[in-house]
Amino acid sequence: MASVVGGAVVGAAAGAGGGGVGATPHVLAVDDSSVDRAIIAAILRSSRFRVTAVESGKRALELLGKEPDVSMIFTDYWMPEMTGYELLKKVKESSKLKQIPVVIMSSENVQTRISRCLEEGAEDFLVKPVRASDVSRVFSRVLR
């Protein structure tokens, strides 16, 4: 069951735990749209991931500073204050965070934007609406 903690929607799947072997992966979902945030969180939870959903890149960085066991980040590209691209750059520039795979999501299929995100270190770029099959494909490739 999901609950709201300090503005973040937090939910745990069965078997959720720390970063040990067999632990449920913890995914951070970042989107300024409450509807899109709820959709991606629901898709991730249905795939049995532990999900924390936040509304901004700034909030994501605050959470990452306190929550060391994030396995992957799914972030929207267009957000106020800090874009998903800027969040990606900050994660990849951080010695503590750079190993976390980042997936960018956008409703706009702009090839130059997609290429730039992938060159900067994004694991994948998903065009919205994101489907469960997109999430499964990314996870099967990244979290083998």
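Start by selecting Asp 36, which counts as partly exposed because its relative accessibility is 27%; partly exposed is the range between buried, under 20% relative accessible area, and exposed, over 50% (1.4 Å probe, protein chains only). Before moving on, note that this is a predicted model, where local features need pLDDT of at least 70 and side-chain atom pairs count only at pLDDT 80 or more, while totals for chains, interfaces and linings use all residues. Residues are numbered from 1 along each chain as its sequence is written, and side-chain values use heavy atoms, with hydrogens and water left out.

**Stop 1: around Lys 128**

Lys 128 forms a salt bridge with Asp 36, with 3.0 Å between the closest N and O atoms. The term salt bridge stands for a side-chain nitrogen of Lys or Arg within 4 Å of a carboxyl oxygen of Asp or Glu. Asp 36 lies in helix H1 and Lys 128 in the loop between E7 and H5, so this pair ties together parts that are 92 residues apart in sequence. Helices (H or I, at least four residues) and strands (E, at least two) are DSSP runs, numbered from the N terminus.

Next, show Asp 31. Its side chain meets that of Lys 128 in a salt bridge (2.7 Å, N to O). This pair also links distant parts of the chain, 97 residues apart: Asp 31 is in the loop between E3 and helix H1 (34–46), and Lys 128 is in the loop between E7 and helix H5 (132–142). Asp 31 counts as buried because its relative accessible area is 1%, and Lys 128 is buried too, at 17% relative accessibility.

**Stop 2: Asp 76**

Select Asp 76, in strand E5 (residues 72–76). An unreviewed UniProt entry places the feature "modified residue: 4-aspartylphosphate" here, at Asp 76. UniProt positions are given in the numbering used here, feature names are shortened, and annotations may be inferred rather than shown by experiment. Is Asp 76 buried or exposed? Asp 76 is buried, with a relative accessible area of 7%. Leaving out residues up to four places away in sequence, Asp 76 touches Val 30, Asp 31, Asp 32, Gly 84, Met 105, Ser 106 and Lys 128. Contact here means heavy atoms within 4.5 Å.

**Stop 3: helix H4**

Move to Arg 113 in helix H4 (residues 111–119). Arg 113 counts as buried because its relative accessibility is 11%. Its side chain makes a polar contact with the side chain of Glu 108 (2.7 Å). A polar contact is a pair of N or O atoms within 3.5 Å; within protein, one must be able to donate a hydrogen and the other to accept it, and residues adjacent in sequence count only if both atoms are side-chain atoms. Beyond its neighbours within four places in sequence, Arg 113 is in contact with Tyr 77, Trp 78, Ser 106, Glu 108 and Phe 125.

Colour Arg 113, Ile 114 and Cys 117, which are buried in H4. Looking down the axis of H4, you will find its buried residues within an arc of 100°, so they line one face of the helix; the arc is that of the directions from the helix axis to the C-beta atoms. The face turned away from this buried side carries the exposed residues Gln 111, Thr 112 and Glu 119. Covering the buried residues of H4 are, among others, helix H3 (84–93), strand E6 (102–106) and strand E7 (124–127). After H4 comes Gly 121, with a positive phi near 120°.

**Stop 4: the cores**

Which residues touch the most other members of the largest nonpolar core? In this core of 23 residues, they are Leu 28, Val 30, Leu 64, Ile 73, Ile 104 and Cys 117. A nonpolar core is a set of buried Ala, Val, Leu, Ile, Met, Phe, Trp, Tyr and Cys residues joined through side-chain atoms within 4.5 Å. Strand E3 (26–30), helix H2 (57–66), H3, E6 and H4 each supply at least two residues of this core, and H3 gives the most, with 4 residues. A second, separate core of 19 residues includes Ala 29, Ile 40, Val 135 and Phe 139.

**Stop 5: helix H5**

Finish with Arg 137 and Asp 134, both in helix H5 and 3 residues apart, about one turn of the helix. They form a salt bridge, the closest N and O atoms being 3.9 Å apart. Arg 137 is partly exposed at 38% relative accessibility, whereas Asp 134 is buried at 8% relative accessible area. Show Asp 124, Arg 131 and Arg 141 as well: together with Asp 134 and Arg 137, they are linked in a network of salt bridges.
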